[in-house]
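This briefing goes through side-chain contacts and one backbone feature, grouped by topic. Please keep the sequence and the coordinates at hand while reading.

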Amino acid sequence: LSFLNDTSLGSKKEDELNYRFYATSLVHKILVSNFNSAFAIGVTGKWGVGKTSFLDLMKAEITKNQSSNIIEIDFNPWSSNSSSGIIQDFFDNLQ
């Protein structure tokens, strides 16, 4: 019996879940799209399925495409003190 290390992929670990193709595809879809206003993407899934690692892969791909005009805003709702404070924390982070 062993414990799982629940740390995200980061920028240095191997993509053991094979999410890189999907993350790269999504980033390239975003880069070729023409949006008339701001938009948001949510990544949902059960605990431990690799949501943060997927986001790490997307961020790495965005960094490779530095000519893009993407403004990345990292927001972690888990750091909020209450469910009612999430909106205020989001806008504080945005500001």
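Which side chains meet in a salt bridge at 3.2 Å, N to O? They are those of Glu 61 and Lys 64, and the model in which they are found is a predicted one.

**Salt bridges**

- Side chains of opposite charge can pair when their charged atoms come close, and in this structure the count comes to two salt bridges.
- Glu 61 and Lys 64 both belong to helix α2, where they are three residues apart, or about one turn of the helix.
- Glu 61 has a relative accessibility of 8% and therefore counts as buried, the cut-off being under 20%, whereas Lys 64 is exposed, with a relative accessible area of 63%.
- Lys 59 forms a salt bridge with Asp 74, and the closest N and O atoms of this pair are 2.7 Å apart.
- Because Lys 59 lies in helix α2 and Asp 74 in the loop between α2 and α3 (86–94), this pair ties together parts that are 15 residues apart in sequence.
- Lys 59 is partly exposed, with a relative accessible area of 24%, and Asp 74 also counts as partly exposed, at 48% relative accessibility.

**Aromatic pairs**

- A search of the whole structure finds four aromatic pairs.
- In one of these, the rings of Tyr 19 and Phe 54 have centres 6.0 Å apart and planes at 80 degrees, so the pair is edge-to-face.
- This pair links distant parts of the chain, since Tyr 19 is in the segment before α1 and Phe 54 is in helix α2 (residues 51–64), 35 residues apart.
- Tyr 19 counts as partly exposed at 23% relative accessibility, while Phe 54 counts as buried at 12%.
- The rings of Phe 21 and Tyr 22 likewise make an edge-to-face pair, because their planes are at 80 degrees, with the centres 5.3 Å apart.
- Phe 21 and Tyr 22 are both exposed.
- Phe 75, Phe 90 and Phe 91 form one aromatic cluster.

**Backbone angle**

- Most residues other than glycine have a negative phi.
- Asn 18, although it is not a glycine, has a positive phi of about 55 degrees.
- Asn 18 is found in the segment before α1 (20–32), and with a relative accessible area of 56% this residue is exposed.

Methods: Residues numbered from 1 in each chain as written. Predicted model: local features only at pLDDT ≥ 70, side-chain atom pairs only at ≥ 80, totals over all residues. Heavy atoms only, no water. Helix = DSSP H or I, 4+ residues; strand = E, 2+ residues; numbered from the N terminus. Buried < 20%, exposed > 50% of the residue type's maximum accessible area, 1.4 Å probe, protein only. Phe/Tyr/Trp six-rings, centres within 6.5 Å; stacked < 30°, edge-to-face > 60°. Salt bridge = Lys/Arg side-chain N within 4 Å of Asp/Glu carboxyl O.
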